[in-house]
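Dear colleague,

Please find below the structure for your files. My notes on what was found in it follow directly after.

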Amino acid sequence: MDRLFEALFLGLSAGATYGLVALALVVVYRGTGHLNFAQGEMGTLSAFMVWWFHDKGVPLLLAVLMGMVFGFLLGAVTEVTIIRPLARRSLLAVFVGTIALFLGINAYTTGVWGAPPDEVLDSLFPNDPDDFVRVFGTVWRYKDIGTLAVTLVITALLFVLFQKTRFGLAMRGVASNTDSARLVGIPTGRILAGSWAIAGALGALAAVLVAGNQGQVTPTLMVTVFTYATAAAVLGGLDSPGGAVIGGLLIGVGEALAAEFAPGWIGQDMKLGVALLAIFVVLLFKPSGLFGTAKVERV
Amino acid sequence: MSLLEVNGLRAGYGPVNVLHELDLAVDDGEIVVVLGANGAGKTTTMRAISGVIPRSGNVTFAGRSIINSSADAVVRAGIAQVPQGRGTFPELNVEDNLRIGAYTRRDGGAATTADVERWFTTFPRLAERRDQRAGSLSGGEQQMLAIARAVMSRPKLLLCDEPSQGLAPIIVQEMFTIIESLSKEEGIAVLLVEQNANLAMEIAQRVYLLETGTIVASGDAETIAADDSIRKAYLGY
């Protein structure tokens with residue numbers, strides 16, 4: 001029973017970071033209908049910036065905020081200079097473009113910081129051996145509680161942004177009907193750049209949490225997380241922010257349970273397969289995801 | 001000087017030019033209809049005025065040139081469009097559809113809320129469905145919503161692109177009545193493009209006939225409606 005609770009909790013904590021990246025994917029997808037394959041790598045690059053700021057003497061919390069600003073700008077610049085010109089060509093051009101961006105950033109971070117990997121980054125939360133509470137006899141470390149809490153707070157903030165602000169209304173308008181959005185006077189370009197910027201900041205935060213979890217920033221920091229996040233976004237519904245977070249938590253729990261209880265042949269190395277299986281099953285049986293909206297168009 | 005003056009307007013899609021030297025004008029508070037068959041360039045005319053497609057020539061609105069204005073600047077200048085095929089935001093609820101119509105206004109949330117309530121009073125059928133997604137409304141309700149959404153920006157000129165399209169005759173009648181009363185009661189000028197010549201000419205003061213991207217005839221609605229040769233040649237009945 002303790003093993004179950006502990007696996008559940010660790011799953012939720014890991015799932016929270018998947019959920020954050022999935023949120024970033026959803027914010028971009030709702031705006032432009034694109035899946036940003038470079039989302040994870042953009043976060044990794046931002047996390048390296050956080051490490052660099054911190055290494056130069058900036059306090060960690062401030063460095064993280066600066067890293068999120070970097071991610072914000074990176075997202076906006078990427079949309080304006082790379083995505084927008086490609087989107088005038090075709091959806092496929094954007095698809096290939098984001099993969100190229102993934103490879104480019106990965107090559108850059110590997111080249112600059114790859115060997116030896118000594119970019120140590122502390123967790124944002126107290127992380128000494130005795131920084132934990134016991135719940136039902138299981139160990140809940142502060143950093144895991146913190147990760148989960150940050151994700152829930154960010155989700156709530158995004159909900160307010162989407163549902164209660166003028167910018168959020170404009171974002172939902174652009175996502176729902178770009179042509180009409182232009183006709184009511186929404187500067188659609190600025191809204192799309194804004195969506196990518198928000199996604200960039202979210203990706204930066206997620207990468208910092210993941211890096212803090214494993215103690216250092218590495219060029220492959222977000223590769224696995226991005227795969228789980230994609231599964232989470234597809235599972236929750238690519239246009240549903242709440243679904244993305246719930247999808248992330250479900251994937252995290254599923255992963256943890258699989259690693260803890262599944263037969264040996266699934267084990268640690270095969271658990272990524274759980275995510276891929278989830279993507280496959282969802283796309284096959286419910287392409288709009290658990291909480292996504294099926295596109296209905298009157299003809 | 002007219003409210004809207006269009007001179008030598010050219011516009012199209014990519015290398016294909018649809019409008020050739022199009023001229024028209026709309027006065028304050030006036031209802032003007034542009035009649036034309038499929039492919040004559042009616043929708044292109046509307047989209048060129050709104051600035052959502054590339055165009056050249058001269059377009060002045062309230063004395064200012066808007067030929068180089070972006071689509072959002074055109075809305076801020078006071079032109080709203082009800083696009084062809086409703087153009088509502090299907091995933092947004094009815095109330096948000098109205099609120100988003102006020103996006104360019106700078107007079108604050110309270111004024112927007114007051115206007116939302118006002119149009120809900122004018123269109124009680126929309127009020128009953130204020131929390132429903134626009135995509136779940138009937139065609140007539142969506143058209144009503146699209147019109148209300150457009151006037152939320154407090155325009156001086158309303159562009160209506162075939163409001164009768166795909167609606168039952170009795171609903172079409174209702175839409176034209178709504179448009180006519182908006183013009184009369186709010187003083188909003190209306191530029192309407194239509195295939196449904198009879199009904200449109202009943203509410204319009206002036207008529208333009210559009211054929212392959214250029215105006216081939218124009219005049220008072222009554223004169224045009226009574227002119228057999230024009231009717232036969234361009235309206236096909």
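Two strands are taken as paired if DSSP finds at least two bridges between them. Helices (H or I, at least four residues) and strands (E, at least two) are themselves DSSP runs, numbered from the N terminus.

The model is a predicted one, in which local features need pLDDT of at least 70 and side-chain atom pairs count only at pLDDT 80 or more, while totals for chains, interfaces and linings use all residues. Residues are numbered from 1 along each chain as its sequence is written, and chains are lettered from A and ligands numbered from 1 in the order in which they are written.

**Strand pairing in chain B**

I begin with strand β3 (residues 31-35) of chain B. It pairs with strand β8 (residues 189-194) of chain B in the parallel sense, over five bridges. Within that pairing, B:V32 has B:L191 in β8(B) as its bridge partner. β3(B) also runs parallel to strand β9 (residues 206-211) of chain B, to which four bridges join it. There, the bridge partner of B:V32 is B:R206.

A residue is called buried if 20 or more other C-beta atoms lie within 10 Å of its own, exposed if 12 or fewer do, and partly exposed in between, with C-beta atoms placed from the backbone. By this criterion, five of the five residues of β3(B) are buried. Both faces of the strand are covered, with B:I31, B:V33 and B:L35 on one side and B:V32 and B:V34 on the other.

Chain B also has an open sheet of four strands in the order β2-β1-β4-β5, with antiparallel pairing. β2 (16-26) and β5 (64-65) of chain B stand at its edges with a single partner strand each, so one side of each is left without a neighbour in the sheet. Strand β4 (residues 55-61) of chain B is joined to β5(B) by two bridges in the antiparallel sense, and B:T60 stands opposite B:S65 in β5(B).

**Where the chains meet**

Residues are in contact if their C-beta atoms, placed from the backbone, lie within 7 Å. On this basis, 21 residues of chain B are in contact with 16 residues of chain A. α2 (71-77) and α3 (94-101) of chain B each supply at least two residues of the side of chain B that touches chain A. That side divides into nine nonpolar, seven polar and five charged residues. In this classification, Ala, Val, Leu, Ile, Met, Phe, Trp, Tyr, Cys and Pro count as nonpolar, Asp, Glu, Lys and Arg as charged, and the others, Gly among them, as polar.

α3(B) is mostly covered, with seven of its eight residues buried. Among them are B:V94, B:N97 and B:I100. The cover over the buried residues of α3(B) includes α6 (166-176) of chain A, together with α4 (109-122), α5 (124-128) and α6 (139-151) of chain B.

**A helix pair in chain A**

Helix α2 (residues 39-55) and helix α3 (residues 60-87) of chain A pack at an angle of about 145 degrees, with their axes 8 Å apart. Axes here are lines fitted to C-alpha atoms, for helices over the stretch in contact, and angles run from 0 to 180 degrees between N-to-C directions. By class, the contact of α2(A) with α3(A) has twelve nonpolar, six polar and no charged residues. Those in α2(A) include A:M42, A:L45 and A:F53, and those in α3(A) include A:L60, A:F70 and A:L74.

The loop between α2 and α3 of chain A holds A:V58, which counts as partly exposed with 16 C-beta neighbours inside 10 Å. Not counting residues up to four places away in sequence, A:V58 touches A:F53, A:A63 and A:M66.

**The chains as a whole**

Chain A has eleven helices and two strands. Its radius of gyration is 19 Å, close to the 19 Å that the globule rule gives for 299 residues, so it is as compact as a globular protein of that length. The radius of gyration is taken over C-alpha atoms, and the globule rule is 2.2 Å times the number of residues to the power 0.38. Buried residues make up 51% of chain A.

Chain B has ten helices and ten strands. A compact globule of 237 residues would have a radius of gyration near 18 Å, and the 17 Å of chain B agrees with that. In chain B, buried residues make up 47% of the 237 residues.

With kind regards

Terms used. Contact = placed C-beta atoms within 7 Å.
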